[in-house]
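Here is a short briefing on a protein structure. Look through the sequence and the model first, then read the notes below.

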Amino acid sequence: MKLFLFIALLFVVSIGNISCEKTKEKTTASEDMKAYGSLVAELTSPPNVPKPVGNRSAKKLIIEMEILERESEIANGVTYLFWTFGGTVPGSFIRGRVGDEVEFTLKNHPNNRLPHNIDLHAVTGQGGGAEASFVAPGHQKTFSFKLLNPGLYVYHCATAPVGMHIANGMYGLILVEPKGGLPPVDKEFYIMQGDFYTKGKFGEPGEQPFDMQKAIDENPDYVLFNGKVGGLTGDNKLHAEVGETVRLFVGNGGPNLVSSFHVIGEIFDKVFVDGGTTVSENIQTTLIAAGGASVVEFKVESPSELILVDHSIFRAFNKGALGVLSVSGNKNKTVFAGEITEGVYQPEGSVIQDLDVDGKTKSTEAGVPLTKVEKMEQGKNLFNATCAACHLQDGKGIANAFPPLAKSDYLNKDVERAIHTVIYGLSGEVTVNGNIYNSIMPAQQFSDSETASILTYVYNSWGNNGTEVTAEQVKKVRNN
Amino acid sequence: MAYVAGGKFIPLYGSVDKNPIPIAPFLMDKTPVTNQEFLDFLIKYPTWQRQKVKKIFAGENYLEKWTSDTNFPKELQNSPVTQISWFAAKEYCECEGKRLPTLNEWEFAAMASQTEIDARKNEDFTREILSGYETPNTYKKEVGISKPNYWGIYDLHNMVWEWTLDFNSIMISGENRDKNNTNLFCGAGALGADDLMNYAAFMRYAFRSSIQANFSINSLGFRCALDIKEKI
């Protein structure tokens with residue numbers, strides 16, 4: 001009996017030992033991985049990503065990063081003094097692998113006003129390197145660390161006042177690939193969301209200083225991808241071909257907001273949850289914490305303009321958190337056929353449509369025509385409920401994404417074209433007030449008289465030419 | 001020089017248990033020392049000229065914008081001299097029979113607006129300082145053009161950082177969340193809408209702790225002070 005107990009005990013102990021050794025082996029592995037040779041890290045500005053590590057061994061990775069305080073556009077016609085890692089918001093993308101020994105030199109440009117530092121969430125050690133890298137203007141600091149855990153990590157400045165340094169754009173991503181690298185894909189992009197606080201309201205032109213009070217109140221004027229309204233639309237949009245697999249490295253610098261990252265018209269085949277190792281499949285929207293990141297992958301099967309948004313959706317349509325991934329290639333009608341037929345929907349007992357004595361449907365516009373004042377009122381309500389989501393309530397639109405209606409040369413030039421646009425939609429390139437827009441407006445489901453009201457409202461607002469549109473005109477365009 | 005009557009105040013850092021610190025009356029230069037004034041000094045004391053200065057007293061960027069040992073860009077004549085080390089600033093003041101102001105003296109004088117001795121709670125005042133810290137190239141401005149503060153002193157804000165005698169007497173860690181730095185951490189944690197003033201001060205203290213006495217920085221100048229009993 002004693003012997004049996006002893007053997008049993010021995011057995012338990014040895015099992016314990018095995019499992020213990022296993023975990024130990026796992027954690028010591030990255031620490032003890034040898035670095036062979038050295039390599040100067042390739043750093044890229046957004047939306048580009050450096051070459052994958054592939055099969056290379058762990059190496060000494062030499063990184064040099066310059067801090068620049070520089071003024072640039074936060075939106076067309078609006079400038080802001082950004083503080084940057086490498087001259088861009090977000091900062092340069094860093095890519096290494098587990099076991100790499102990083103020698104990091106942080107240079108603070110002599111023209112900068114302030115001291116800065118860097119806290120890399122990929123670093124195991126005091127402050128993520130913040131203390132070791134604290135550097136005055138016109139000086140540089142070198143420190144080193146080893147990459148132990150694979151994943152996608154945020155880095156940011158952590159100098160007092162931290163919130164302000166982050167709010168001014170001091171963040172970026174560092175990717176630590178596992179041994180052997182991530183599985184290859186066709187396209188990789190780098191996107192980072194951030195919230196910005198300016199003295200003037202969204203779009204107010206001129207030089208806009210940082211507003212500390214709004215930052216404390218967590219009430220941003222701008223929520224942006226890659227540091228600018230239109231940072232990922234128009235000329236800056238991303239491209240892929242049908243059949244390609246796309247991988248997005250998405251970070252959120254904050255300082256305050258959490259992102260509900262979503263791509264309109266796609267489903268994420270894979271999400272590396274929180275940028276870590278767990279892979280979740282078939283995801284519509286993924287939450288990205290402030291100071292967190294996520295890797296999403298999807299195959300693009302259908303040609304379209306995929307819209308990247310923070311699905312806290314007012315941020316997308318009113319504060320700038322909008323991007324476009326343009327997918328070109330052949331249509332696959334099985335995946336998506338587009339609109340096949342359009343018909344009138346008349347549920348039985350509907351009170352919406354009246355029957356005339358002779359049995360014909362009587363559409364609303366057959367009644368007494370609305371006066372201009374009535375049209376303006378109806379038009380305003382319909383516009384604000386539907387059109388303002390993209391063109392905004394003041395008709396100014398969103399630079400590089402949705403053309404302005406206010407003082408719009410495109411609008412004022414041709415009434416019939418405007419009617420056509422509302423009832424049939426519009427896609428492809430148009431030039432409005434000198435700017436090129438290449439996007440899609442869907443056909444709107446308004447009656448002739450509603451269309452007339454909306455357009456009358458638009459033509460009689462925001463400095464447009466005052467045209468009054470009638471239901472007859474709309475009908476004519478519809479019947480042509 | 002301007003007369004600062006002294007008094008008591010609680011600086012953001014450096015007071016024990018938030019007890020007010022007494023400041024004795026002192027005199028302070030009305031404006032930062034200009035390039036022209038510093039040139040006059042260099043002519044009298046050539047050992048501080050760019051080519052001749054001992055390297056341990058001045059870093060590589062010492063007077064780097066100057067075109068030669070005794071020439072600076074003409075447009076900067078009445079602008080504050082920058083890219084000078086603490087050693088050079090201290091020597092300048094001593095040769096003038098003065099001294100650098102202490103950190104607390106500087107902070108005391110700099111908390112005054114045009115009308116108040118302590119305007120730190122005044123949001124507009126603080127906001128302006130903060131936005132000044134964000135404005136690039138303010139070292140190119142001419143001294144003494146802006147409005148003087150309560151004590152008749154110009155350009156304490158919105159121009160250049162300034163050396164103080166004991167600039168490194170309060171060391172803030174490179175990151176402001178260090179657990180050993182409870183003072184700062186709690187300060188940061190307790191910030192409310194009323195404490196906007198701390199952000200401007202944070203930036204000054206953070207800047208001071210990032211520098212060393214031989215550093216010569218583009219946006220860092222100085223002015224001198226004098227004890228009242230030595231008043232000439």
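Helix 7 and helix 9 of chain A are roughly perpendicular to each other, because angles from 65 to 115 degrees count as such and theirs is about 70 degrees. The model is predicted.

**Helix 7 and helix 9 of chain A**
- Two packed helices are described by the angle between their axes and the distance between the axes.
- The axes of helix 7 (residues 415-424) and helix 9 (residues 471-479) of chain A are 10 Å apart.
- The crossing of these two helices is right-handed.
- Helix 7 of chain A contributes residues including A:Val415, A:Ile419 and A:Ile423, and helix 9 of chain A contributes residues including A:Val474 and A:Val477.
- By class, six nonpolar, two polar and two charged residues make up this contact.

**Chain A and chain B**
- Each side of the contact is made of 33 residues, from chain A and from chain B.
- About 2800 Å² is buried between chain B and chain A, with 59% of it on carbon and sulfur atoms.
- One salt bridge is counted between the chains: A:Asp211 pairs with B:Arg127, with the closest N and O atoms 3.8 Å apart.

**Backbone features of chain A**
- Most residues other than glycine have a negative phi, and most peptide bonds are trans.
- The peptide bond from A:Pro46 to A:Pro47 is cis, with omega near 5 degrees, and A:Pro47 lies in the loop between strand 1 and strand 2 of chain A.
- A:Ala160 and A:Pro161 are also joined by a cis peptide bond, with omega about -10 degrees; A:Pro161 lies in the loop between strand 8 and helix 2 of chain A.
- A:Leu392 is not a glycine, yet has a positive phi of about 65 degrees; A:Leu392 is in the loop between helix 5 and helix 6 of chain A.

Key: Residues are numbered from 1 along each chain as its sequence is written. Chains are lettered from A and ligands numbered from 1 in the order in which they are written. This is a predicted model: local features need pLDDT of at least 70, side-chain atom pairs count only at pLDDT 80 or more; totals for chains, interfaces and linings use all residues. Side-chain values use heavy atoms; hydrogens and water are left out. Axes are lines fitted to C-alpha atoms, for helices over the stretch in contact, and angles run from 0 to 180 degrees between N-to-C directions. Helices (H or I, at least four residues) and strands (E, at least two) are DSSP runs, numbered from the N terminus. Angles under 35 degrees count as roughly parallel, over 145 as roughly antiparallel, 65 to 115 as roughly perpendicular and the rest as oblique. A crossing is left-handed if the near helix is turned anticlockwise from the far one by less than a right angle, and right-handed if clockwise. Contact means heavy atoms within 4.5 Å. Ala, Val, Leu, Ile, Met, Phe, Trp, Tyr, Cys and Pro count as nonpolar, Asp, Glu, Lys and Arg as charged, and the others, Gly among them, as polar. Buried area is the accessible area (1.4 Å probe) that two parts lose on being put together, summed over both. A salt bridge is a side-chain nitrogen of Lys or Arg within 4 Å of a carboxyl oxygen of Asp or Glu.
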